[in-house]
Amino acid sequence: MRGWGGVAGTAAAVALTAALLPGLAGDDRQDGTADDRAAGGGAVAAQPAAAAKPSQEECETPEASLRPDAAASGDGVKRIVDRKYLIAGIDQNSYQWGYRNPLTGDLEGFDIDLARAIAEEILGDETKVVFRSIPTSQRIPALQDKDVDVVVRTMTINCERIQDVAFSTEYFTGDQAVLAPADSDITGFDESLDGKRVCTADGSTGQGALEEESYGAEVMLVPNQLDCLVRVQLGEADAVVTDNALAAGQAAQDPSMKLFGTLDRPEPYGVAMNKGDEDLVRRVNSMLEDYRKDGRWENSYKEWLADAMPGIDQAPAPTYKN
């Protein structure tokens with residue numbers, strides 16, 4: 001796994017800075033051109049239109065996606081090709097997933113590798129990508145307004161979300177977890193949360209879990225999950241509920257934090273796209289077929305995630321619609 005060599009403390013400090021400085025959000029151009037800002041950058045506030053509810057069968061297997069087609073071409077792919085670069089919605093504050101290296105200023109992580117692979121699939125060059133940092137709650141509006149082409153941001157595929165956006169096949173499986181100071185009397189997602197201030201991101205599956213059962217916790221909503229780590233560091237929250245994949249990264253940033261079990265509710269991550277971009281979904285799924293088979297998924301896992309989430313020997317198998 002790639003390390004930054006003794007900069008865990010720096011990473012934790014940058015976590016605090018990144019969450020408190022809204023000016024960090026925006027576009028990051030990878031192809032070296034001068035135009036660093038695509039039109040309509042940053043978070044969007046548009047309200048999504050009502051969408052048809054998925055069928056019972058679709059809700060039973062929401063991770064089932066369109067079959068891959070390496071030659072698929074339509075409005076989604078043409079938009080990217082004509083523009084000559086991909087716009088990828090990402091997180092720049094999730095250590096090991098989508099993170100700005102404090103030593104180099106570069107965006108790094110498992111999701112960043114995947115976004116670059118999509119750019120290579122569509123444009124033949126992994127550097128032809130603009131990374132746009134978007135809050136958790138704005139991922140779906142950004143896709144619906146076509147401010148981004150894809151969202152690669154540990155985004156869980158579920159029945160609610162497939163009403164509004166399309167997803168690729170699953171590329172990683174997470175779970176919900178409780179993250180708290182190692183010396184906390186919290187024992188997990190249970191009655192030990194009673195009376196505790198528990199932080200989660202607005203629009204996240206962690207919020208959904210707490211809405212189903214809070215165990216008496218006082219729930220605090222923030223724009224991004226990293227904000228929760230900062231709230232705990234500042235003494236404003238007692239614990240965080242988030243995907244274990246993100247929680248593991250935050251625990252690596254701050255060794256005083258510890259994961260207290262998972263909720264045993266698998267979280268399949270997919271690349272999200274506009275519902276009308278079926279051609280793009282098929283192209284991304286074609287790329288993911290190769291990404292799993294040619295070693296790139298495994299290499300990225302070993303580089304970024306293996307230390308914090310050991311024991312994963314292969315990518316999730318894809319599920320396709322009939």
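**Figure 1. The disulfide between Cys-59 and Cys-159 in the predicted model**. A disulfide, defined as a pair of cysteine sulfur atoms within 2.5 Å, joins Cys-59 to Cys-159 with an S to S distance of 1.8 Å. Cys-59 belongs to helix H2 (residues 56-60), whereas Cys-159 sits in the loop between strand E7 (150-151) and strand E8 (165-167), so the bond ties together parts that are 100 residues apart in sequence. Helices (H or I, at least four residues) and strands (E, at least two) are DSSP runs, numbered from the N terminus.

**Figure 2. Accessibility of Cys-59 and Cys-159**. Cys-59 is partly exposed, at a relative accessible area of 30%. Cys-159 is likewise partly exposed, at 25%. Buried denotes under 20% relative accessible area, exposed over 50%, and partly exposed the range in between (1.4 Å probe, protein chains only).

**Figure 3. The disulfide between Cys-199 and Cys-228**. The sulfur atoms of Cys-199 and Cys-228 are 2.1 Å apart in this disulfide. The link is left-handed, with -75° about the S-S bond. Cys-199 lies in strand E11 (residues 197-201) and Cys-228 in helix H7 (residues 225-233); the pair, 29 residues apart, links distant parts of the chain. Both Cys-199 and Cys-228 are buried.

**Figure 4. The disulfides of the whole structure**. A search of the whole structure finds two disulfides. With the bonded cysteines of the chain numbered in sequence order, the pairing reads 1-2, 3-4.

Residues are numbered from 1 along each chain as its sequence is written, and side-chain values use heavy atoms, leaving out hydrogens and water. Because the model is predicted, local features need pLDDT of at least 70 and side-chain atom pairs count only at pLDDT 80 or more, while totals for chains, interfaces and linings use all residues.
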